[in-house]
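Student: Please walk me through how to read contacts, cores, sheets and aromatic pairs in a model.

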Amino acid sequence: ITKADLAQATQRLQQQFANIPKDQQQARVLDALIDFSVLAKQAEKAGIDKDEDIARTMEYLRVQALHNAYFTKKIQPSVTEEALKARFEKQTAGAKPEKEVHARHILVKTEEEAKAIIKELDGGADFIELAKSKSTGPSGPQGGDLGFFGKGRMVPEFEKAAFVMKPGEYTKEPVKTQFGFHVLKVDEVRDVPLPTFEASKAQLQQVLLSEAYAAAVKEGREAEKVEIIDKSLMLPEVKK
């Protein structure tokens with residue numbers, strides 16, 4: 001058993017031996033490797049390695065190891081920093097910042113209640129105080145504060161009203177949704193900064209790795225002329 005064998009086994013067994021003191025870990029791993037080795041020799045002497053199920057398992061592990069090694073040594077290096085930057089620039093070219101709205105609302109059960117609240121606001125009443133005293137929504141105690149939200153976060157009727165208003169404006173007509181009748185007030189509108197390359201890098205890497213893997217598999221399948229004999233085992237998308 002070489003030092004290289006020991007180093008590889010230590011990496012593979014690190015979770016199993018995580019609770020062993022570090023100064024004892026390699027000795028424990030070596031002890032385990034010796035156990036593996038001597039029993040493997042005994043298995044060979046007993047002809048167990050010729051058993052069909054065992055041979056099939058060994059072949060599966062061989063193929064799996066080569067598959068993983070190809071991914072690590074060939075596919076992963078193909079996703080370079082330059083490739084990531086190129087994809088990022090392509091995706092963000094011409095992109096415009098999305099809008100976010102900081103809004104408050106007062107939720108009541110009836111349209112008449114909502115119209116009465118709007119009348120009070122027209123008369124100079126404070127929106128926050130009205131929300132605290134009259135809103136039936138969970139944000140009422142916080143003055144109806146909903147914080148910032150982007151498109152797609154609220155129900156359509158609510159969103160449609162909020163994104164056409166300017167800061168300081170409130171709705172002049174009640175907004176009806178499945179929850180009741182709302183009176184909205186927009187406090188602030190801002191642009192959401194576009195994602196940076198560093199913030200997008202990890203996700204882009206996964207996308208490019210998936211694409212490179214799929215391309216390598218497609219090329220390999222075509223080269224090997226793969227044919228699935230039992231058509232019932234074909235994936236639905238392959239049958240089409």
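Student: Which residues is Val108 in contact with, leaving aside its neighbours within four places in sequence?
Tutor: Contact means heavy atoms within 4.5 Å. Beyond those neighbours, Val108 touches Glu113, Ala114, Ile117, Lys134, Thr136, Gly180 and Phe181. This is a predicted model, in which local features need pLDDT of at least 70 and side-chain atom pairs count only at pLDDT 80 or more, while totals for chains, interfaces and linings use all residues. Residues are numbered from 1 along each chain as its sequence is written, and side-chain values use heavy atoms, with hydrogens and water left out.

Student: How many residues does the largest nonpolar core have?
Tutor: In soluble globular proteins, nonpolar side chains tend to be buried together. A nonpolar core is a set of buried Ala, Val, Leu, Ile, Met, Phe, Trp, Tyr and Cys residues joined through side-chain atoms within 4.5 Å; buried means under 20% relative accessible area, exposed over 50%, and partly exposed in between (1.4 Å probe, protein chains only). The largest core has 12 residues, including Val108, Ala114, Ile117 and Phe181. E1, H5, H6 and E4 each supply at least two of its residues, with H5 giving the most, 4 residues. Helices (H or I, at least four residues) and strands (E, at least two) are DSSP runs, numbered from the N terminus. A second, separate core of 11 residues includes Val175 and Leu184.

Student: In what order do the strands of the sheet run?
Tutor: Strands of a sheet pair through backbone hydrogen bonds, either parallel or antiparallel. Two strands count as paired if DSSP finds at least two bridges between them. Here 4 strands form an open sheet with antiparallel pairing, in the order E2-E1-E4-E3. The edge strands, E2 (145–150) and E3 (175–177), each pair on one side only. E1 (residues 99–108) and E4 (residues 180–191) pair over 10 bridges, and Leu107 stands opposite His182 in E4.

Student: How many aromatic pairs does the structure hold?
Tutor: A pair of aromatic rings is described by the distance of the centres and the angle of the planes. Rings of Phe, Tyr and Trp (its six-membered ring) pair if their centres lie within 6.5 Å; planes under 30 degrees apart count as stacked, over 60 as edge-to-face and the rest as tilted. The structure holds 4 such pairs. Phe88 and Phe197 are edge-to-face, at 5.7 Å centre to centre with 70° between the planes. This pair links helix H4 (residues 81–92) to helix H8 (residues 197–224), its two members being 109 residues apart.

Student: Is Phe88 buried or exposed?
Tutor: Phe88 counts as buried because its relative accessibility is 13%.
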